[in-house]
Amino acid sequence: VDRFIAALPELRHAADPLVVDLGYGASATTPLELHARLARVRPDVEVLGLEIDPERVRVASLSARPGVSFALGGFEVPVADARAARPGRRARRGNVL
């Protein structure tokens, strides 16, 4: 899925690329890996991990770094929060239902 997103013209040509990892799970692993893969194509990409469990967001936020942030949320896309006040270009959702 990450390679598919990296190849999308909407990511490659976006003025301000934002990708949302919805329902990343119990750790920050998937948003961090997604950012690493997409940054090869777009070094300025931002990945926002969204989770509905406040404790998961708290724990994942300890791993935040430039280009990767975490927030409480669910299927509310497009995202508009303090770190990402712009519509998401692409959302990755897997095994969240």
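**View 1. Asp44 and its partner Arg42.** With a relative accessible area of 43%, Asp44 is partly exposed. Welcome to this predicted model, where our tour starts with that residue. Asp44 forms a salt bridge with Arg42, and their closest N and O atoms are 2.8 Å apart. Arg42, for its part, counts as buried, at 11% relative accessibility. Side chains of opposite charge can pair when their charged atoms come close.

**View 2. Glu51 meets Arg56.** How many salt bridges does the structure hold? There are five salt bridges, and here is another one to look at. The side chains of Glu51 and Arg56 come together at 3.7 Å, N to O. Glu51 is buried, with a relative accessible area of 7%, whereas Arg56 counts as partly exposed at 33% relative accessibility.

View 3. Glu55 and Arg58 both belong to helix H4, which covers residues 54–61. They sit three residues apart, about one turn of the helix. In an α-helix, residues three or four places apart point the same way, because there are 3.6 residues a turn. The salt bridge between Glu55 and Arg58 has its closest N and O atoms 2.7 Å apart. Glu55 is partly exposed, at 42% relative accessibility, and Arg58 is partly exposed too, at 47%.

**View 4. A network of three charged residues.** Which residues are linked here in a network of salt bridges? They are Asp2, Glu33 and Arg37.

**View 5. The buried side of helix H3.** Follow helix H3 along residues 29–39 and look for its buried residues: Pro31, Leu32, Leu34, His35 and Leu38. These residues lie on the same side of H3, because they cover an arc of only 160° around the axis.

**View 6. The largest nonpolar core.** Eight residues make up this core: Ile5, Ala6, Leu11, Val19, Leu34, Leu38, Val45 and Val47. Helix H1 (2–7) and H3 are the elements that give two or more residues to it. Apart from this core lies another, of seven residues, including Tyr24, Leu32, Val68 and Phe70. In soluble globular proteins, nonpolar side chains tend to be buried together.

**View 7. The surroundings of Val45.** What is Val45 in contact with, leaving aside its neighbours within four places in sequence? Its contacts are Leu11, Pro17, Val19, His35, Leu38, Ala39 and Gly67.

Terms used:
Residues numbered from 1 in each chain as written. Predicted model: local features only at pLDDT ≥ 70, side-chain atom pairs only at ≥ 80, totals over all residues. Heavy atoms only, no water. Salt bridge = Lys/Arg side-chain N within 4 Å of Asp/Glu carboxyl O. Buried < 20%, exposed > 50% of the residue type's maximum accessible area, 1.4 Å probe, protein only. Helix = DSSP H or I, 4+ residues; strand = E, 2+ residues; numbered from the N terminus. Arc of directions from axis to C-beta. Core = buried A, V, L, I, M, F, W, Y, C linked by side-chain atoms within 4.5 Å. Contact = heavy atoms within 4.5 Å.
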